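Hi there,

Here is the structure I promised to pass on. Please have a look when you have a moment; my notes follow below.

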Amino acid sequence: MEAYVAPPVRLHAAAATAKPQAMVPPTSPTGGSGSSVTTAATIAAKGTTLDAPCDTRVLLYDTTLRDGTQQEGISLSVMDKLRIVEKLDQFGVDYIEGGWPGSNAKDAEFFDRAAGLSLRNARLVAFGSTRHKSATPHSDANLAALLDSGAPVLTLVGKACSYQVRVVLGATPQENLDMISSSVAYLKAARREVMLDAEHFFDGYKADPAYSLECVAAAVTAGVDAVVLCDTNGGCTPWEVGAITAAVGAAFPGLCLGIHCHNDCGMAVANSVAAVRALSGTTCACVVQGTINGYGERTGNANLTTIIPVLDLKLGVPLRVTMTSLTSVSRFVDEVANVPHVGGAPFVGASAFAHKGGIHVAAVLKDADTYQHVDPAVVGNSTRVLVSELSGRGNLLSKARELGLLRENASAAEVDAWGVRARKVLEQVKALEHAGCTFEAAEASVELMLRRTADGYRSPFSMLDFSVLTGLRGGTCSDGSGGNADAVTRATIKLELVGGDGANSDACPVRVCLEVGEGNGPVDAVNAALQRALHGAYAVLGSVFLSDYKVRILDAERATAATTRVMVEMCDGPRSWTTVGAHPNIIVASVQALLDGYEYVLARRMPECARGYVDVFEEDEAVPDGAGLGMPVTAR
């Protein structure tokens, strides 16, 4: 195979040693540089609109499985990768980069097993580098591994910055051009779709645009299918990316370009969108690379879960993805990667459409568009109303409707009655938050507070007293150290139980139960005692278990007298709920949260004699499956 010979390159003076410089921000309408506000009058004068559609053809390229795994703390098994591939394919992305088969055995195994997948929408991509400067394409192990992967699409990373070529590769500019052209030509001869990730392209262009364009030309002449322009160090701005991308598109009309941005300046999404807009009105398509949830080295890569809805909903770019699955895809990948979901993530975060301030909630209840830029259902998310000390009465009324306590078709009298209840609960919330509780993530506690305001409500149990004793079992050494003795904690609780599984609508017996539990600490011991007492009376609690326990010291400056906040999460299989307690005594705070957690379940299956909350249900109607345990209840 004949090597591609690039035309002579006229390097700028000192270009081989020059480092990139920032471009000047765009000029304001008044003629000065710096930021400026574009007025509606200015836009109208130009004959354009604020929401002018973008006609760039966009292909989505996911690199979560390679670039995303370079994030600190993320490591995916082969099975993890295969599960994510199937999910992304169902979602509708165009390309899924599986890894670098020439770099490690795990990625090589992945491609072997991925060959058995039946992908409907996406094409699988293997990633590697251009040949080594001292090797030929035929002798280069990396290129051989790419072909052996069997992937239909191969992406090569090649330097597009003369400074990087000299310092990192230790090669001459011409050697790098030869490495790019010969590698692309070799893989194209094998009938594969080939892309070039032009690494450090934007930095290289700012230092020496002629050479960076020559790198693109070397790939184009060799038959490359797409050239992806990379902001590898994440230091570019949207106006730089837009201007440079437009220049490349003008130099290579009809070429499929791409954009690959890192988030070191927090502008990876904005830079990616700027590149797409820069190609609008041209014959160039754009491959948009990114990762789900913005995973990536350092501060991350461009976040596809933000880019995708921006392109679709804001720019009108047609995409093949199922937009209503966006939130579930984001959370699925977090779950597989064992990464906590970012509640504040745009579009897909649990807090993306959450409303806390009383004024905001009052407006949203009238029209959701007053404080939401898109309908959350479009991206598979939902509106949430939070309850906190900043809440107004509307927050509580909305929560009562959400929980089914206040019917949508409730009469004016019912609404007024719940308004009074909501005001009482709001006062309680503000007092408890002042004492250290927080209810934004403890919605089960809020539900209980609302239920307790209902006429006739009676808790299924009440704690009469409890005590905890911690000591050593097995004796102590002569030095008092404890030697081989085991620490033992024993809790004794006395509960008043209402009803129970044997109760009927005509009789609601009250009995006192005394139980003892042991555990590896005071909270574990109290929980063991509670389970012994409650499980014996209420069979429904048999499937309930404690799934998470979080402690936070609120006023550390008070040292051992500090207030402790405890968050408890319980599960019964498909459902989970969180309750909160706060007290200077960590054991008391924990018991508060535990008691609420168990009452939350039982409050949905109260015996009729203590069913004050069920006046919201119709005669003989069952508690909705999504809200309770399906036990039929009868209205008063």
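Which residue with a positive phi follows H8? That residue is Gly223, with phi near 100°. Before going further, please keep in mind that this is a predicted model.

**Overall picture**

The protein chain holds 18 helices and 16 strands. Of its 636 residues, 50% are buried. Among the contacts with a separation of 6 or more, 69% are between residues 24 or more positions apart.

**H8 and its surroundings**

H8 itself is 13 residues in length, and the distance from its first C-alpha to its last is 18 Å, close to the 18 Å expected at 1.5 Å a residue. Its buried residues are Tyr211, Ser212, Glu214, Cys215, Val216, Ala217, Ala218 and Ala219. These pack against a set of partners: strands E4 (153-159), E5 (193-199) and E6, together with helices H5 (162-169), H6 and H7.

Is Asn176 buried or exposed? Asn176 counts as buried because its relative accessibility is 0%. Leaving aside neighbours within four places in sequence, Asn176 is in contact with Lys159, Val165, Leu169, Tyr211 and Cys215. Two of these, Tyr211 and Cys215, are also on the list of buried residues in H8.

Helix H9 covers residues 238-251, 14 residues in total. H9 reaches 20 Å from first C-alpha to last, close to the 20 Å expected at 1.5 Å a residue. Buried in H9 are Glu240, Val241, Gly242, Ile244, Thr245, Val248 and Gly249. The buried residues of H9 pack against helices H7 (201-207), H8 (209-221) and H10 (268-278), and against strands E6 (226-231) and E7 (257-261).

How do H9 and H10 meet, and at what angle do they cross? Their axes come within 8 Å and cross at roughly 30°. An angle under 35 degrees counts as roughly parallel, and H9 and H10 are therefore roughly parallel to each other. The crossing of H9 past H10 is right-handed. On the H9 side the contact involves Pro238, Val241, Gly242, Thr245 and Ala246, and on the H10 side Ala270, Asn271, Ala274, Ala275 and Ala278. By class, seven of the residues in this contact are nonpolar, three are polar and none is charged.

**H4 and H6**

Another helix pair is H4 (residues 141-148) and H6 (residues 173-189), which pack at an angle of about 30° with axes 11 Å apart. H4 and H6 are therefore roughly parallel to each other, and H4 passes H6 in a right-handed crossing. Leu143, Leu146 and Leu147 of H4 make the contact with Ser183, Tyr186 and Leu187 of H6. The contact of H4 with H6 has five nonpolar residues, one polar and no charged.

Pro152 lies in the loop between H4 and E4. Pro152 counts as partly exposed because its relative accessibility is 30%. Not counting residues up to four places away in sequence, Pro152 touches Arg123, Leu124, Arg192 and Glu193. Pro152 and Arg191 are 39 residues apart along the chain, and their C-alpha atoms are separated by 8.6 Å.

Arg191 is in the loop between H6 and E5. With 78% relative accessibility, Arg191 counts as exposed. Most residues other than glycine have a negative phi. Arg191, however, has a positive phi, near 65°. His200 also has a positive phi, near 60°, and is found in the loop between E5 and H7. His200 is buried, with a relative accessible area of 6%.

Finally, Tyr457 is in the loop between helix H16 (443-452) and strand E11 (461-473). Tyr457 is buried, at a relative accessible area of 14%. How far apart in space are Tyr457 and Ala603, C-alpha to C-alpha? The distance is 9.0 Å, for a sequence separation of 146 residues.

Best wishes

Terms used
Residues are numbered from 1 along each chain as its sequence is written. This is a predicted model: local features need pLDDT of at least 70, side-chain atom pairs count only at pLDDT 80 or more; totals for chains, interfaces and linings use all residues. Side-chain values use heavy atoms; hydrogens and water are left out. Helices (H or I, at least four residues) and strands (E, at least two) are DSSP runs, numbered from the N terminus. The expected span of a helix is 1.5 Å times one less than its number of residues. Buried means under 20% relative accessible area, exposed over 50%, partly exposed in between (1.4 Å probe, protein chains only). Contact means heavy atoms within 4.5 Å. Axes are lines fitted to C-alpha atoms, for helices over the stretch in contact, and angles run from 0 to 180 degrees between N-to-C directions. Angles under 35 degrees count as roughly parallel, over 145 as roughly antiparallel, 65 to 115 as roughly perpendicular and the rest as oblique. A crossing is left-handed if the near helix is turned anticlockwise from the far one by less than a right angle, and right-handed if clockwise. Ala, Val, Leu, Ile, Met, Phe, Trp, Tyr, Cys and Pro count as nonpolar, Asp, Glu, Lys and Arg as charged, and the others, Gly among them, as polar.
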